[in-house]
Amino acid sequence: MDELLRYDHVDISYNGVQVVKDLSFVVSPGEILGIVGESGSGKSTLIKAAMGLLGSSGLVTRGDIWYKGKNLPDLSPAELRRLNGPELAMIFQYAGSSFCPIRTVGAQLYESMTEHEAISREQFRACAGSLLEKLGFEDPGRILASYPFELSGGMQQRIGIAAAMLLNPGVLFADEPTSALDVSVQKQVVEEMLLVRRTFGTAIVLVTHNIGVIGAMADKVLVMRNGETVEYGETGQVLNRPREAYTRLLMSAVPRLRR
């Protein structure tokens, strides 16, 4: 299968302190990779590096991050900006915090879309309405006319997914997209991300500490600890027959229902 995204021996530091060490993995078109590990293991740092979101103190100090033949750390901010949205997109843990509370959802989505292509408001409403319908929203017009504070946390998270998919990116990075939600809403968000993969063929890189979400979604799993790879492979192999003691420890911590 073709490679879409490749991390090749990547090191990442903040203020000269190394936090990610020699990380390598490959994501193919339409594939879902789950990255799991305890807090502080470097999961979020790893995916933010691809989109240039490490901030002024963060730096890829070694290795390459390849996307469609482009080495992302070598790109200028302007070049990376052109990729972020149409090619690479991200869902954050609290999607609602990325919306301005005093502007409607539709106005904000329209503005983000016009950053990358010329489109009229009528064309935008048709495009956004069609996308929301495909993602299971029953009343797209009402959603677009709503202010963020008029929507529940779960609905804001689902709108965050829709916003990321407006320009049909090749890779969707998801940074703990379910951890702030209750179980029933977590299920909706997982189902929506799987629908994104089925509908658009989008590859997804999912960061989470939730083994259940990984098991439900991921084709492959990367287990991280202290910025390093512990285990990497097919989901069934890693979760059901882990080779490493740390992975077995993570699995033993997953709550299990008993009769």
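## Strand β3 and its surroundings

In this predicted model, strand β3 pairs with strand β9 (residues 220-225) in the parallel sense, over four bridges, and within that pairing L33 has K220 of β9 as its bridge partner. Strand β3 is also joined to strand β8 (residues 203-208), the two running parallel with five bridges between them, and here G34 stands opposite L206. The two pairings are set out below.

| Partner of β3 | Residues | Sense | Bridges |
|---|---|---|---|
| β8 | 203-208 | parallel | five |
| β9 | 220-225 | parallel | four |

How many of the five residues of β3 are buried? Five of the five, in a strand that spans residues 32-36, so β3 is largely enclosed by the rest of the structure. I32, G34 and V36 point one way from the strand, whereas L33 and I35 point the other way, and all are buried.

Strand β8 also holds T208, which counts as buried because its relative accessibility is 1%, where the cut-off is under 20%. A polar atom of the T208 side chain lies 2.9 Å from the backbone nitrogen of N210. Leaving aside neighbours within four places in sequence, T208 is in contact with I35, V36, G37, K43, E176 and I214.

In soluble globular proteins, nonpolar side chains tend to be buried together. The largest nonpolar core here has 49 residues, and those with the most contacts inside it are F124, I159, L172, M193, L206 and M217. Apart from this core lies another, of 32 residues, among them L4, F25, I35 and V205.

Note on methods:
Residues numbered from 1 in each chain as written. Predicted model: local features only at pLDDT ≥ 70, side-chain atom pairs only at ≥ 80, totals over all residues. Heavy atoms only, no water. Core = buried A, V, L, I, M, F, W, Y, C linked by side-chain atoms within 4.5 Å. Buried < 20%, exposed > 50% of the residue type's maximum accessible area, 1.4 Å probe, protein only. Pairing = 2+ DSSP bridges. Polar contact = N/O pair within 3.5 Å; in protein donor to acceptor, adjacent residues only side chain to side chain. Contact = heavy atoms within 4.5 Å.
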